[in-house]
Amino acid sequence: MQIRELSIPDSYEITPVQHADDRGLFFEWYRFDRLEETIGHPLTLRQANVSVSRKGVVRGIHFADVPLGQAKFVTATHGAVLDYVIDLRVGSPTFGRWDAVLLDSEHHRSVYIAEGLGHAFVALTDDATVSYLVTDTFDALKEHAINPLDPEIALAFPPEAGAPVLSPKDLEAPSLAEALAAGLLTTHDDAKAHYASLAVKGA
């Protein structure tokens, strides 16, 4: 597999090598050792989630408190989504910026998103099925959201997605400025310290 760091540090696009023949297709979509070599520490997986979305659905921007946070390994097993990584770490050189990767059932790419980063996607097809491997179980008290329509972040949704469809929770979520003022965001330094602690534990 090929692993490429995105323009948001500590997030990566993973592209598997596909082996196709007259029987069908085979590829490795997750390799703990290759990922550990890249991010500098082992990934301890504690929960797996699946979402199914109709075309135009936007999920996110979601993030969790650090520590422990939720690192995510995300892939689309059916259909297609445009997946966004948003830097929410206060003090980061790329704070408030985002990058995006097309995840679909043709190229079978995945995205790794470190703790402290925000995650969102928009479904480009009906029945877009997304799988998430995450490093901590869900805790409603530690989970937060930022409105994905916040003009300060300015996520760009492809025209083919149509009008964005959001949950009431995401529509009512605070803006980036409001989340910052409320103290919901981790700092870049604290996030980096957490990554370093994971490396020590892994050693």
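**Pockets, cavities and aromatic pairs in the predicted model**

The lining of the largest pocket is made up, by class, of ten nonpolar, nine polar and five charged residues. The model examined here is a predicted one. The space in the largest pocket amounts to about 460 Å³. Its lining comprises 24 residues, and those nearest the centre of the pocket are Asn49, Arg59, His62, Lys72 and Tyr132.

Three cavities of 30 Å³ or more were counted. The largest cavity has a volume of about 60 Å³. It is lined by His62, Phe63, Ala64, Gln70, Lys72, Ile113, Glu115, Gly116, Leu117, Gly118, His119 and Glu143. Strand S6 (58-64) and strand S11 (117-123) are the elements that give two or more residues to this lining. Four of the lining residues of the largest cavity are nonpolar, five are polar and three are charged.

The residues around it are Ala64, Asp65, Leu68, Gly69, Gln70, Asp136, Thr137, Asp139, Lys142 and Glu143. Two of these are nonpolar, three are polar and five are charged.

Aromatic contacts were considered next. A pair of aromatic rings is described by the distance of the centres and the angle of the planes. Five aromatic pairs are present in the structure. In one of them, the ring centres of tyrosine 12 and tyrosine 112 lie 6.4 Å apart; the planes meet at 35°, and the pair is therefore tilted. This pair connects distant parts of the chain, since tyrosine 12 belongs to strand S2 (residues 11-15) and tyrosine 112 to strand S10 (residues 110-113), at a separation of 100 residues. Both tyrosine 12 and tyrosine 112 are buried.

The rings of tyrosine 84 and phenylalanine 157 have centres 5.8 Å apart and planes at 90°, so that this pair is edge-to-face. Tyrosine 84 is located in strand S8 (residues 80-87), whereas phenylalanine 157 is in the loop between strand S13 (143-145) and helix H2 (168-171); the pair therefore ties together parts that are 73 residues apart in sequence. With a relative accessible area of 0%, tyrosine 84 is buried. Phenylalanine 157 has a relative accessibility of 24% and accordingly counts as partly exposed. Elsewhere, ring pairs join Trp29, Tyr30 and Phe73 into a cluster.

At the level of the whole chain, the secondary structure consists of four helices and 13 strands. The radius of gyration is 16 Å, close to the 17 Å given by the globule rule for 203 residues, so the protein chain is as compact as a globular protein of that length. The C-alpha trace spans about 55 × 45 × 30 Å along its principal axes. Of the 203 residues, 49% count as buried. Among contacts between residues at least 6 apart in sequence, 80% join residues at least 24 apart.

Alanine 20 provides an example of an exposed position. This residue lies in strand S3 (residues 19-21), and its relative accessible area of 64% makes it exposed. Alanine 20 and valine 165, separated by 145 residues in sequence, are 36 Å apart in space from C-alpha to C-alpha.

How values were computed:
Residues numbered from 1 in each chain as written. Predicted model: local features only at pLDDT ≥ 70, side-chain atom pairs only at ≥ 80, totals over all residues. Heavy atoms only, no water. Phe/Tyr/Trp six-rings, centres within 6.5 Å; stacked < 30°, edge-to-face > 60°. Buried < 20%, exposed > 50% of the residue type's maximum accessible area, 1.4 Å probe, protein only. 1 Å grid on protein atoms, 1.4 Å probe; cavity = no way out; pocket = protein on both sides within 12 Å on 5 of 7 lines; lining within 4 Å. Points joined across faces, edges and corners; volume = space filled by probe spheres on them. Nonpolar A, V, L, I, M, F, W, Y, C, P; charged D, E, K, R; others polar. Rg over C-alpha atoms; globule rule 2.2 N^0.38 Å. Contact = heavy atoms within 4.5 Å.
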